[in-house]
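Subject: Structure for you to look at, with notes

Dear colleague,

I am handing over the structure below, and the notes that follow it set out what was found there. Could you please read them with the model open beside you?

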Amino acid sequence: MKNNILFAVAIAAATTLGFTSCNKSAPKMDDKTEPAEQKAPSNKIAYVEVDSIMTQYQFCKEYTKILNLKGTNIQKTLASRQQQLQGAAANFQQKVQQNAYTREQAEAIQAGLQKQSGDLQALNQRLSNEFQAETDKYNKALHDSIQHYLAYFNKDHKFGLIFAKQGDNLLYADKAYDITAEVVAGLNKAYKSKLNTKK
């Protein structure tokens, strides 16, 4: 489950960075700006290492811990219920072989065990849905925080494009275009300031 969390989060971050650019000046349908007045897009480009955001951005570190803890608790809850059900089923089977039940009693207990199995499946589905909703909420918050920060960051830097570099998705990128450290530092500074204002 931990790998699934990190993968989902990394995909969200890569999507955010991949589509982030200096797009504030893009004309809207209702704008009546003459073509001659439009500013040419910047030729400056940069990239950010997604893995560094995932491991160094305090927001990611904190929420990854939260999601991992929630996932571990779900697994423990389901494993405990499954163990109880298996124990009850094994006990029932043993007593059936010993002729400890009448036919009616055995049918009633078996129906009860089937109901418990159905309840366990429903619980598994409910907890999985809750976990997915929590992960989606986190990914959206991560996406928004990166986009908002890069929009602010780019007011001064004027990049035309900011790429997300993850694994080998960029075949070659000169380190001169790497703005990861500056972006991560800015994200962490912005995130800490938000925490301080809440206090």
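A residue is called buried here when its relative accessible area is under 20%, exposed when that area is over 50%, and partly exposed in between, with a 1.4 Å probe and protein chains only. Helices (H or I, at least four residues) and strands (E, at least two) are DSSP runs, numbered from the N terminus. Please keep in mind that this is a predicted model, in which local features need pLDDT of at least 70 and side-chain atom pairs count only at pLDDT 80 or more, while totals for chains, interfaces and linings use all residues. Residues are numbered from 1 along each chain as its sequence is written, and side-chain values use heavy atoms, with hydrogens and water left out.

The strands

Strand E1 is mostly covered, since four of its five residues are buried. E1 is joined to E2 by five bridges, and the two strands run parallel; strands are taken to pair if DSSP finds at least two bridges between them. Within this pairing, Glu49 stands opposite Lys165 in E2.

Lys165 belongs to strand E2, which covers residues 161-165, and Lys165 counts as buried because its relative accessible area is 15%. With contact meaning heavy atoms within 4.5 Å, and with neighbours within four places in sequence left aside, Lys165 touches Tyr47, Val48, Glu49, Val50, Leu170 and Ala173.

The C-alpha atoms of Gly160 and Ile45 are 5.7 Å apart in space, although 115 residues separate the two in sequence.

Salt bridges

Side chains of opposite charge can pair when their charged atoms come close. Taking a salt bridge to be a side-chain nitrogen of Lys or Arg within 4 Å of a carboxyl oxygen of Asp or Glu, the search of the whole structure finds six. Among them is the one between Glu49 and Lys165, whose closest N and O atoms are 3.7 Å apart. This pair links distant parts of the chain, with Glu49 in strand E1 (residues 45-49) and Lys165 in strand E2, 116 residues apart.

Another joins Lys140 to Asp144, with an N to O distance of 2.9 Å; these two residues are separated by about one helical turn, because they are four residues apart in helix H4 (residues 103-157). Lys140 is exposed, at 53% relative accessibility, whereas Asp144 is partly exposed, at 24%. There is also a salt bridge between Lys175 and Asp178, where the closest N and O atoms are 2.8 Å apart; Lys175 has a relative accessible area of 57% and is exposed, while Asp178, at 22%, is partly exposed.

The helix pair

Two packed helices are described by the angle between their axes and the distance between the axes. The axes are lines fitted to C-alpha atoms, for helices over the stretch in contact, and the angles run from 0 to 180 degrees between N-to-C directions. For helix H3 (residues 58-97) and H4, the axes come within 11 Å and cross at roughly 175°, so that H3 and H4 are roughly antiparallel to each other; angles under 35 degrees count as roughly parallel, over 145 as roughly antiparallel, 65 to 115 as roughly perpendicular and the rest as oblique.

Leu120 is part of helix H4 and is buried, at 11% relative accessibility. Once the neighbours within four places in sequence are left aside, Leu120 is in contact with Leu78, Arg81, Gln82 and Leu85.

Backbone angles

Most residues other than glycine have a negative phi, and most peptide bonds are trans. Asn99, in the loop between H3 and H4, has a positive phi, near 55°, and is exposed, with a relative accessible area of 68%. Lys158, in the loop between H4 and E2, likewise has a positive phi near 55°, and at 47% relative accessibility counts as partly exposed.

With best regards
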